[in-house]
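Reader: I am new to this structure. Please take a close look at how its parts touch one another, and define each term as you go.

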Amino acid sequence: MAEAATATRGHAEGETRRDFIYLAAAGMGVVGAGAVAWPFISFMNPSADVLALSTTEVDLKPVQEGMSITVTWRGKPVFVRKRTKAEIDTAAATKLSDLPDPQADAARAKKPEWLILVGVCTHLGCVPLGQKTADPKGEYGGWFCPCHGSHYDTSGRIRKGPAPKNLEVPPYAFLDDTTIRIG
Amino acid sequence: MAAPAFKNGLVRWIDHRLPVFSFLHHELHDYPSPKNLSYWWNFGSLAGIVLVIMIVTGVFLAMHYTPHTAYAFDSVERIMRDVNYGWLIRYIHMNGASFFFIIVYIHIFRGMYYGSYKAPRELLWILGVVILLLMMATAFMGYVLPWGQMSFWGATVITNLFSAIPLVGDAIVTWLWGGFSVDNPTLNRFYSLHYLLPFLIVAVVMLHMVALHRFGSGNPLGIDVKGPQDSIPFHPYYTAKDAFGAGVFFIAFAGVVFFSPNLFGEPDNYIPANPLVTPPHIVPEWYFLPYYAILRAIPDKLLGVIAMFGSIFVLFLLPWLDTARVRSAKFRPTYRKFFWVLVVDCIVLGYVGANPPEGWFILVGRIATAYYFFHFLILLPVLGLIERPLPLPQSISAPVLKPAEGKA
Amino acid sequence: MRRLISAVALLLAFGAAAEAAEGAKPPAQHWSFSGIFGTFDRASLQRGFQVYKESCAACHAVNMLFYRDLKGIGYQEDDIKAIAAQAKVMDGPNDAGEMFERAGRPSDKFVRPFANENAARAGNNGALPVDLSMVTKARVGGPDYVYGVLTGYVQTPAGVTLMEGMNYNAYFPGHQIAMPPPLQADGVPYQDGTKATVEQQAKDVVTFLAWASEPTLEARKQMGIKVLLFLIVMTGILYAAKRKVWASVH
């Protein structure tokens, strides 16, 4: 099909006569080549089995106050934390002017005790520490990224270090009081 | 090589330092071609188009394929079901192999009919046979990758051919397998080589082109181009003709890909490979059937293998086996008849290869095999000496004699 | 050219002879999905899925299918969730390191009746109930063959001795099949009022299995028609262009 295109292109160099039929042939070639390209581009996009796994349901019953679990969503870790009263209060009391990426805590948690975060540092994609009790939680009691020293607070907001943005909150919904669906 | 004056300044700047545009202009645009090429001359460029299609679809399929015995079959089915347009790209690749062989076989028989292998184009022909061998190796290894029943048992049978070699046969087979049977190491190396060989084919195709452009295309009359009146520039004449031929080919190809994609396939290859159960009829892909028939026609294991490989190696010698001075079968009335006998012989061999070696198939297979070698080793050398060719026309543009009757 | 045609004719004659020699060819049925414009009959697909669930699934897996694929036979997301939830899927290990069972999800594969091949053989007197997900593509004769086997349980002819536990089937290679007749008249209660004869059930379940073998068949044919139309127009124009280019030669 591409040959039709070259046929007319080269032709124009020598003689200038551009017949309708040559233009039509070249046009068909271009349209055909474009139509052929699409399946190949689409081929590299996520396939049906990958898309089918793009939602994850999480049972919250086993998670106790002050405890975190990590679940996988789209191949990435998602932090699910049941925050203590103290953590919620600290997060809520923080002044927005103290934040590099200002966002109120209320805008980051649908129910204050449940904090759901994509556990990927917004700097260069490492997984911050802070999920296990023994982990360093950084200067603001949330998470600490060991790669380049970003500190996140109890709402997952960036407070110190090179990361430009708060930890991302994935789309999620409460299916009932103890089940959420991420994605 | 007079450099053409390119209008585009950037093109001129580059071409002055790196004359790729002059090269392309010279080889694809001005390239003088005989003015009397028939549609049988379309199949060379068509083969090139299919080679590109195969490489592109293959590179994409490799993005989703998993070369492991436990996952290969499922990964191919995942491509067919879940990957966007995976079914399309896989069916193009799968049927593209068959169409590649159809085109190349027509191309080869065209060369035989018109004596395209004769001096000074012997190396052009030999490079073509090298391409055929590389294609066969590539196709064979590619067929193993989906890891269906035919993949596995085809691989087992074909690799076992090498066990016919005296003394070292078994060691060679173990080496080919990387184990004691066709297994994961075999699949992995076949995948590696299946990805590599097409690029070797591209390299040999380029040499094929260099050799072709040395003396230019042959032509249906088999006489040399005598001057500018006999030739026309490749572009736009043959680009237009090749583009139309490609359109016809794409229609046939699309018809199979979209409406009968398993036409050339074996149902057994949709059953995952099982090393404990051999399917009742093992047959290679259709394009290997004639060789398979030759292999089975000879009751001795080693001689059978030698005959099978010999059936291709005899093609290397063809330029010297054919002693005739006249190229085109148009002017060789006796050879022309035997050419068609050979075509039928090859079809019969293919048919015998597709059937179990029982009853009259054995006899027919042996006769057809014997005839195949008779044609190349005895008939061609003798016929060239005794046949009286028809008078040749003076030149392509001015045939002083009445043109010979249509070839068939 | 004449010789070429006669050679092709010879080849076709050979092919016809070979087909006759294989014998016991199951009669061709009319399938909704055959032909250039063929599409799967949705009602038949859903009935066929019901037949599969109630008459085949106890022994035969369809390992290539996911519950989410049922969208392709006309089920909505909620129906699919409900169907998937009926299955018990082995998952794990959990935090305690143990495997556990949970309700199926649309993203799960169809749960197979036996954990592995050995279990399947052990449960069926040594015979292996084949995976049906590719069966119409993986058999010579395709859907006609599968239909033939399902409806081919006939009286054992005089003079044929069956091995123990085997059944006589007109179209199964060798005629002796371990699977007892899987379909009974009215064996499946159809919801849409279709009469559940053995032939109807066979037809429906084969339609379902043909879809399972190649869920992309409809997309393929629909795209094919567009591609062919485009190519025919393009080739026509290319032919005109070629004629024009060559008008000055000869």
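**The contact of chain B with chain C**

Author: Chain B brings 42 residues to its contact with chain C, and chain C brings 47; contact means heavy atoms within 4.5 Å. The model is a predicted one, in which local features need pLDDT of at least 70 and side-chain atom pairs count only at pLDDT 80 or more, while totals for chains, interfaces and linings use all residues. Residues are numbered from 1 along each chain as its sequence is written, chains are lettered from A and ligands numbered from 1 in the order in which they are written, and side-chain values use heavy atoms, with hydrogens and water left out.

Between them, chain B and chain C bury about 3900 Å², and 74% of that lies on carbon and sulfur atoms. Buried area is the accessible area, taken with a 1.4 Å probe, that two parts lose on being put together, summed over both. The count of salt bridges between chain B and chain C is 1; a salt bridge is a side-chain nitrogen of Lys or Arg within 4 Å of a carboxyl oxygen of Asp or Glu. It joins the side chains of B:D82 and C:R68, at 2.9 Å from N to O. There are also 10 residue pairs in polar contact between chain B and chain C, both residues being at pLDDT 80 or more. A polar contact is a pair of N or O atoms within 3.5 Å; within protein, one must be able to donate a hydrogen and the other to accept it, and residues adjacent in sequence count only if both atoms are side-chain atoms.

On the side of chain B that touches chain C, two or more residues come from each of α4 (72-81), α5 (86-113), α10 (234-259) and α13 (333-353) of chain B. Helices (H or I, at least four residues) and strands (E, at least two) are DSSP runs, numbered from the N terminus. α10(B) has the largest share of this side, with 16 residues. By class, the side of chain B that touches chain C holds 31 nonpolar, 4 polar and 7 charged residues. Here Ala, Val, Leu, Ile, Met, Phe, Trp, Tyr, Cys and Pro count as nonpolar, Asp, Glu, Lys and Arg as charged, and the others, Gly among them, as polar.

Next is the inside of chain B. Its domain assignment gives domain 1 (39-216 + 234-282) and domain 2 (288-388), with bounds that come from an automatic or database domain assignment. Taken over C-alpha atoms, the centres of domain 1 and domain 2 of chain B are separated by 23 Å. Their contact takes 30 residues from domain 1 of chain B and 33 residues from domain 2 of chain B. The two domains of chain B bury about 2700 Å² between them, 74% of it on carbon and sulfur atoms. In domain 1 of chain B, the residues that lose the most area to domain 2 are B:Y113, B:K118 and B:L161, together 25% of what that side buries.

B:K118 also forms a salt bridge with B:D322, the closest N and O atoms being 2.9 Å apart. Across this domain interface of chain B the rule finds 1 salt bridge, and the count of residue pairs in polar contact, both at pLDDT 80 or more, is 9. α5 and α6 (122-144) of chain B each supply at least two residues of the side of domain 1 that touches domain 2. α6(B) gives the most to that side, with 10 residues. The side of domain 1 of chain B that touches domain 2 divides into 23 nonpolar, 4 polar and 3 charged residues.

Chain C also touches chain A: 16 residues of chain A are in contact with 13 residues of chain C. Chain A and chain C bury about 1200 Å² between them, 79% of it on carbon and sulfur atoms. The count between chain A and chain C is 1 salt bridge, in which the side chains of C:K81 and A:E57 meet at 3.8 Å, N to O. Across the interface of chain A and chain C, 0 residue pairs in polar contact are found (both at pLDDT 80 or more). α2 (20-43) and α3 (48-52) of chain A are the elements that give two or more residues to the side of chain A that touches chain C. The largest share of that side, 7 residues, is from α2(A).
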